[in-house]
Amino acid sequence: MSDITKQSLSELIKNIKDKKLSSTEVTKAFVERSEKSKELNVYVTEDFSAAIDKAKKFDKNPNLDLKLPGIPIAVKDLFCTKNVKTTAGSKILNNFTPTYESTVTQNIWDEGAILLGKLNCDEFAMGSSNETSFFGCVQNPIDKDLVPGGSSGGSSSAVAAQLTPITIGTDTGGSIRQPASFTGIVGLKPTYGSCSRYGIVAFASSLDQAGPMAQNVRDCALLLEVISSYDEKDSTSIDFKRNNYVKELTNNIKGKKIGIPKEYRVDGMPKEIEDLWKKGIDYVKDCGAAIIDISLPHTNYALPTYYIVAPAEASSNLARYDGVKYGFRADGENLIDMYEKTRSEGFGAEVQRRIMIGTYVLSSGYYDAYYLKAQKVRKLIKNDFDEAYKKVDAILTPSTPSSAFKIGEKTNDPVSMYLNDIFTVPVNLSGLPGISIPAGHDTNGYPLGLQIIGKAFDEQNLLNIAYAMEEKINFKNKITDWWIK
Amino acid sequence: MSRNKSEYLINRKDNQYEVVIGLEVHAQVTSESKLFSTSSTKFGAEPNTQVSLVDAALPGMLPVINKFCVKQAIKTGIGLNAKINKRSVFDRKNYFYADLPQGYQISQFKDPIVGEGKVILDMPGGQKEVGIERLHLEQDAGKSIHDLDPKNTFVDLNRSGVALMEIVSKPDLRSPDEVNAYVKKLRSIMRYLGTCDGNMQEGSLRADVNVSVRKKGSKEFGTRCEIKNVNSIKFMQMAIEFEANRQVDLIEDGQSIDQETRLFDTKKNETRSMRSKEDAHDYRYFPDPDLLPLEVSDDFIEKLKLEIPELPDEKKKRFIEKFKLSPYEATILVSDNETSNYFENVIKKSDVKLATNWIIGELFAALNEKNLEIAQSPISAGNLSKLINLIKDGTISGKIAKTVFEHMMEGDKDPKKIVEEKGLKQESDPKALEALIDKVIDDNREKATEYKSGKVKLFGFFVGQVMKVSAGKANPQLVNEILKKKL
């Protein structure tokens, strides 16, 4: 079968279960296509031969009752993988190989999946274009020199280019949904506390959440089912009843109330985004759901709040990378000198910028004005959603204020880069689930995404709405395989 | 509370200065595993053998609170008559050091688990109340070892993440003696509760000592200096004396005191500046986002209250009322749980008065000489109680009992057997004693004549001779009676 890599996850699983395909065939197909796609620079670490060995082993005694039987999957390089190098896209962890496995990846392997390799990402997940990675930027398969979004840029690019049937990313301020939108795929950030953070290199602990990135909503639901679990090793993990998301997936959303927040009509939003949003509203109506205008009055404060809270937590979370215990170490005259050189040489510019911002906002004399104030505003933003959800079941917005931009276009303008997260950040600040689904194209043929924001722990409803809309939208990604010679 | 009669004052020319002391005691929580990980806390293991992925701060590792340590902190709070906060928050205290793997210490800053409480001290001049400001839970750091290599520092992370309780007193202490009494009282309470073993040699109890001075009668506090990490009561007292005098000298010299952190050099017996207020770290405290606020229910606290044993103050009261001990004796016997248990075991079957004297006198002296704790006493409570009964029933004299006691200290032997084996039984048979006394008088005819002619002082000589001839076994009371008759 030459079109193995074109199949969705659900199709591959069916074919393996029906014994029409072996895990080895599937794994080899993705390895071969990955080998031909080096120009995209999606992999930081390839684990191809081990993957094929594991596939062969699986085929000898296949357990077809598992949810991901013999499926090869590449994962973002922010997930610690036992005995496989884990870099977080940083020089400072370039030589780091964990002796342990993250809970989320362990859940995936426990269902029969096989690790293909580790996917490029922005350094410590700080970025919206994958350009801050120590391992270089990733190409968007949609077009040459186009960013794949970030921070899960290697992940979005790998799924869109069909180098892995599905993947997982992490989302702190939009790092799953924005790259999904830029590459024409589905990306879900679950409710905070759904997926364990154990073994995920931390960026901002109160915002970080792992989630699936897939070619379609059904695949996305399936992977969510696998990765969402209560974990005692993560004190912020929440023990709630998790749905059987695939089984309960339905396109019947008749009578659902969908909110349209007026504050998301930001100044200078391109007309094509405005149009996409209108189209989205029509699709929702077509599905029999009701549209209700709502207000989320503190939306304007979300971005500045995020850029205080996230760097504050990051400045502390990244203190452990000091050259003492593991990772990169530069020689120094004494301890302080060693710290300074290690961290100056080991961290890239964007990470250093955020460590400095975070250190500043937590400093004595500034704490109340910045960090404490931001925490209060964060509460107000969450209250906005709580109020809205008294009237609606979910909220529909654009995923991003624009389509993918060119590599280098925003590198020297961090604020314009940060603006990319304007629609996604409030969701993280409120701990809510959000999904981006591909919904159309701009004039260049670049994909555009719509975001649906749900109530906490209401992923099923969110997936159902996305599933119903997906059917109406009937999106086709325009991938030409330009990078394959 | 009555005022301490023996005030501790520093005198200079016409001025008298009062010393104001507050203590931040760091007490290691008695717990099998660390505050946020499952690693062992056992003392004395090979370096870096009790370190989990969490303790070493590997990427993606997360802290999970050890519920047992929370219970221990709450119990300690109850023992300190303190308010238990049903909601407390863990914060990160950020600073870089080689033995701090996370780059921050998880501690409690704004919302500690235990609030205000109090401790009563028994001072020679009467009781003194010392206020407790708060108690919070925090992680210990690892240990940097600088003297193994000329160029490198080695780090041992066995201690990294071990649970500590920081117990902050109000500035209520006024002398080194009060500090001594306070630390001992804290230690005693925690040992009763089983929440800290109080072992200062192993670093289970250390303190930062805040010292300031002010002219006697002044209501204002002086500028304080903090002496960091003092690990014995003796050093605390020495450090306070030095520091208070240093501050007084500065004031007398017309200089001001800089608020600073100092360290105590135990070899030179002096405090030295570590860092000034300006150089103080900015720890950038903020709530640890990896941990939810710690919430405990009333029910949880009430259940723990049921686990609280009789504490030293109550026990002292009971000993005085029930056993008619003096406050002094009671204070000594309740100082730690092992001692009071030992005492109560001894008096189960023996005379209280004798037992009290023997424990506080002979036993403590003997243990002290051998540098042993009461728990390691070679003499079991049962055998001490037998010894006391042998005295009480006249089988042996108090003097012989001391000989028997010495034998018992060499190994826990039944005193009855020692008395039998060594033939130490007291001679109380009047006929046998008469024969003995007749012989002594016979051998000392001249002295007997002198006695009869009025030299009554010689009576003692005859008693001594009888005891000598009987190898100390003669019943002294009977000897007295018979001698009087015979002479």
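Q: Which residue is the bridge partner of A:Ala74 in S3(A)?
A: In S3(A), A:Ala74 has A:Gly117 as its bridge partner. The model is predicted: local features need pLDDT of at least 70, side-chain atom pairs count only at pLDDT 80 or more, and totals for chains, interfaces and linings use all residues. Residues are numbered from 1 along each chain as its sequence is written, while chains are lettered from A and ligands numbered from 1 in the order in which they are written.

Q: How do you know that S2(A) and S3(A) pair?
A: Two strands (DSSP runs of E, at least two residues, numbered from the N terminus) pair if DSSP finds at least two bridges between them. Five bridges join S2(A) to S3(A), residues 114–119, so the two strands count as paired. They run parallel.

Q: Why is one side of S1 (43–46) and of S2 (72–76) in chain A left without a neighbour in the sheet?
A: The sheet is open, with three strands in the order S1-S3-S2 (chain A) and mixed pairing. Strands S1 and S2 of chain A stand at the edges with a single partner strand each, so each has one side without a neighbour in the sheet. On average, neighbouring strands here are turned by 35° against each other, direction ignored; the axes are lines fitted to C-alpha atoms, with angles from 0 to 180 degrees between N-to-C directions.

Q: What makes S10(A), residues 434–441, mostly covered?
A: A residue is buried if 20 or more other C-beta atoms, placed from the backbone, lie within 10 Å of its own. Seven of the eight residues of S10(A) are buried.

Q: Which strands pair with S10(A), and over how many bridges?
A: S5(A), residues 186–189, pairs with S10(A) in the antiparallel sense over three bridges, and A:Lys189 has A:Gly434 as its bridge partner in S10(A). S11(A), residues 447–454, is also antiparallel to S10(A), over seven bridges. In S11(A), A:Leu450 is the bridge partner of A:Ile437. The hairpin of S10(A) and S11(A) has five residues between the strands, and A:Gly445 takes a positive phi near 85° in this hairpin.

Q: Why is chain A called as compact as a globular protein of its length?
A: The radius of gyration, taken over C-alpha atoms, is set against the globule rule, 2.2 Å times the number of residues to the power 0.38. Chain A has a value of 21 Å, close to the 23 Å that the rule gives for 485 residues, so it is as compact as a globular protein of that length. Buried residues make up 60% of chain A.

Q: What are the domains of chain B?
A: By an automatic or database domain assignment, chain B is divided into domain 1 (9–305), domain 2 (313–422) and domain 3 (430–486). The contact between domains 1 and 2 of chain B takes five residues from each.

Technical notes. Two residues are in contact if their C-beta atoms, placed from the backbone, lie within 7 Å. Helices (H or I, at least four residues) and strands (E, at least two) are DSSP runs, numbered from the N terminus. A residue is buried if 20 or more other C-beta atoms lie within 10 Å of its own, exposed if 12 or fewer, and partly exposed in between; C-beta atoms are placed from the backbone.
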